[in-house]
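Please go through the fold, the salt bridges and the surface of this chain, one question at a time.

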Amino acid sequence: MDIAERRKPQDGPQPAQVRRTPDRPPRVHAADRSSREVVIRLLNSDSGIQPLDQIGLFAGHLKTMRKFLSSQGLVLVTGPTGSGKTSTLYTALKSIKSSSNNIITLEIRSSCSCRGVNQTSDQRQGRADITTGLRSILRQDPNVILVGEIRDHETADIALQAAQTGHSC
């Protein structure tokens with residue numbers, strides 16, 4: 001983060017140890033408001049990702065989730081900020097990762113570190129960069145793709161086409 005930049009919001013990782021949790025570096029977001037608001041979010045790294053059966057899904061939903069994760073298609077995880085979307089996605093990835101599964105993520109900022117998963121992030125945050133990145137990833141023969149955010153029709157179209165043509169996305 002650039003302390004001299006006050007005209008636009010910024011965010012990024014902040015290396016720190018927070019109450020005996022060195023594997024959970026906080027993310028800091030600062031915006032120029034009259035209140036000088038700073039938001040700090042704690043996200044688990046790979047070691048803090050819970051097994052799929054321990055994230056609070058009802059038995060029927062857990063069975064459905066496992067079925068979705070073992071088939072071809074598209075799984076969307078939606079919800080408000082702080083509702084557990086990222087944790088749910090990384091829990092799902094951890095449950096299916098193996099040496100034979102080429103899993104690639106495309107995120108504006110990688111929120112969690114997950115060993116055995118090829119993670120890419122694009123700090124530029126442009127729509128064209130996400131769609132270009134997704135097209136590029138499709139040429140790398142992935143079995144599973146995690147798209148961190150789908151904010152526009154073009155990205156949604158590419159993700160859906162990938163899922164329909166044999167790439168889980």
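The questions and answers below concern a predicted model.

Q: In what order do the 3 strands of the open sheet lie?
A: The edge strands are strand 5 (118-121) and strand 6 (144-147), each of which pairs on one side only. The twist from one strand to the next averages 15 degrees. The pairing in this open sheet is parallel, and the order of the strands is 5-4-6.

Q: Which residue of strand 5 is the bridge partner of I104?
A: Strand 4 covers residues 103-107 and pairs with strand 5 in the parallel sense over 4 bridges. In strand 5, the bridge partner of I104 is N118.

Q: At about what angle does helix 2 run to strand 4?
A: Helix 2 spans residues 85-96. Helix 2 lies across strand 4, strand 5 and strand 6, and its angle to strand 4 is about 165 degrees.

Q: Which residue forms a salt bridge with E154?
A: Side chains of opposite charge can pair when their charged atoms come close. For E154, the closest N and O atoms of the pair are 3.0 Å apart, which falls within the 4 Å limit for a salt bridge. The partner of E154 is R135.

Q: How many residues apart in sequence are the parts that E154 and R135 tie together?
A: E154 is partly exposed, with a relative accessible area of 28%, and R135 is also partly exposed, at 39%. E154 belongs to helix 4 (residues 153-164) and R135 to helix 3 (residues 127-138), so the pair ties together parts separated in sequence by 19 residues.

Q: How far apart are the closest N and O atoms of E149 and R151?
A: By the salt-bridge rule, the count for the chain comes to 2. E149 is partly exposed, with a relative accessible area of 37%, while R151 counts as exposed at 59%. E149 and R151 form a salt bridge in which the closest N and O atoms are separated by 2.4 Å.

Q: Is L76, a member of a nonpolar surface patch, buried or exposed?
A: L76 lies in the loop between helix 1 (59-69) and helix 2. With L74, I150 and L160, L76 makes a nonpolar surface patch of about 330 Å². Its relative accessible area is 59%, and the cut-off for exposed is over 50%. L76 is therefore exposed.

Q: How far apart in space are K97 and R115, C-alpha to C-alpha?
A: K97 lies in the loop between helix 2 and strand 4, and K97 is partly exposed, with a relative accessible area of 28%. K97 and R115 are 18 residues apart in sequence, and their C-alpha to C-alpha distance is 9.2 Å.

Q: What share of the accessible surface of the chain belongs to carbon and sulfur atoms?
A: Of the 169 residues of the chain, 30% count as buried. Among contacts with a separation of 6 or more, residues 24 or more positions apart account for 45%. The accessible surface comes to about 10,900 Å², and the share of carbon and sulfur atoms is 50%.

Note on methods: Residues are numbered from 1 along each chain as its sequence is written. This is a predicted model: local features need pLDDT of at least 70, side-chain atom pairs count only at pLDDT 80 or more; totals for chains, interfaces and linings use all residues. Side-chain values use heavy atoms; hydrogens and water are left out. Patches are made of residues with over 30% relative accessible area and no salt bridge: like charges are joined within 9 Å, nonpolar side chains (Val, Leu, Ile, Met, Phe, Trp, Tyr) within 5 Å. Accessible areas come from the Shrake-Rupley method with a 1.4 Å probe; for residues, only the protein chains shown count as cover. A salt bridge is a side-chain nitrogen of Lys or Arg within 4 Å of a carboxyl oxygen of Asp or Glu. Helices (H or I, at least four residues) and strands (E, at least two) are DSSP runs, numbered from the N terminus. Buried means under 20% relative accessible area, exposed over 50%, partly exposed in between (1.4 Å probe, protein chains only). Two strands pair if DSSP finds at least two bridges between them. Axes are lines fitted to C-alpha atoms, for helices over the stretch in contact, and angles run from 0 to 180 degrees between N-to-C directions. Contact means heavy atoms within 4.5 Å.
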